[in-house]
Amino acid sequence: IIQKIEQLQKKYKCEYLYYGGGCALNIVTNTKIVESGMFREVFIAPCCNDSGLSIGAAALMEIKKGNKIYQHNAYLCNVGLKEQNNYLNDKDIELTAKMLTEGKIIGICNGVAEAGPRALGNRSIIAIANNKELSLKISMDIKKREWYRPVAPIMLKKIAEQFTGQKMCELTKYMLMDYKIKTENQKIIEGVIHTNGTSRIQTIENLSDNPFMYKLLNIMNEKYGIKALINTSFNIQGEPIIHTIEDAKNSARIMNLDGVVLNGKYIETNNIQ
């Protein structure tokens, strides 16, 4: 892939790479493309599978018609969902943080769903990232996946840069890159470290990226000294990522999660109605 891209870059002299298709989900390749220095910037859409082509085609037509294209975030999958703008509740965020420190595994169903194949905090299962046994429990017992399937961390951008000693690429907002974690930091987030010492980091930089996760991560860091959370998609093996509140309730029961956040409100799974 790198050789082919090099050939194209030499032929067309492009400064920017817009990269898509299923192969754009390969984080090892993505990292090598960025690190090659061939391009000033590499852009991969969050919905980098073939469904992204239709969005790109529509955007191109609007540009050709002279219309302005506005930037959107990764949360575009609002089919059948009511817009939820005022679901943030500091009390429930504090409660969620406390439950996480006790080793609880929690499902998140906030606002509209992410576009594309990666859950980025709105349709996620989260837990503290400093426990390898917890990550194995999530993969094998809860999601019914193979033991070797990795889970990713969600981290504040500033902490990710401290843990790697590198500047975070914009692609980390969409969990599309991996970074080598400094040896002295690997034990702190051992539940999300690959066998080669890397981690597929998703970063949150500011409140606009994801208000609930931004506030939660800050509380985890400042109050409890927890530097990262496990973030994996809210679904069981072979099933699509949950979409609606009812999906979240049903899946939380089936998967035996400890609790679930429904549009900002924390509920223990045993109390779901």
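Me: Which conventions apply before I read any feature?
Reply: This is a predicted model, in which local features need pLDDT of at least 70 and side-chain atom pairs count only at pLDDT 80 or more, while totals for chains, interfaces and linings use all residues. Residues are numbered from 1 along each chain as its sequence is written, and side-chain values use heavy atoms, with hydrogens and water left out.

Me: Which residues of the largest nonpolar core touch the most other members?
Reply: A nonpolar core is a set of buried Ala, Val, Leu, Ile, Met, Phe, Trp, Tyr and Cys residues joined through side-chain atoms within 4.5 Å, where buried means under 20% relative accessible area, exposed over 50%, and partly exposed in between (1.4 Å probe, protein chains only). Here the largest such core has 74 residues, and L216, L229 and F234 touch the most other members. Helix α8 (residues 211–224) gives the most to this core, namely six residues, helices (H or I, at least four residues) and strands (E, at least two) being DSSP runs numbered from the N terminus. Leaving aside residues up to four places away in sequence, L216 touches I93, T96, A97, L100, I126 and L229, a contact meaning heavy atoms within 4.5 Å.

Me: Is N185 buried or exposed?
Reply: N185 counts as buried because its relative accessibility is 11%. N185 sits in helix α7 (residues 183–186) and, not counting residues up to four places away in sequence, touches Q162 and F163.

Me: Which class does each residue in the lining of the largest pocket belong to, and how many fall in each?
Reply: Ala, Val, Leu, Ile, Met, Phe, Trp, Tyr, Cys and Pro count as nonpolar, Asp, Glu, Lys and Arg as charged, and the others, Gly among them, as polar. By class, the lining holds 23 nonpolar, 12 polar and four charged residues, and its largest share, seven residues, comes from α3.

Me: How many salt bridges are there?
Reply: A salt bridge is a side-chain nitrogen of Lys or Arg within 4 Å of a carboxyl oxygen of Asp or Glu, and the count comes to 11. One of them joins the side chains of K65 and E62 (2.9 Å, N to O); K65 is exposed at 56% relative accessible area, whereas E62, at 27%, is partly exposed. In another, E170 pairs with K173, the closest N and O atoms being 3.4 Å apart, and salt bridges that share partners join E170, K173 and D209 into one network.
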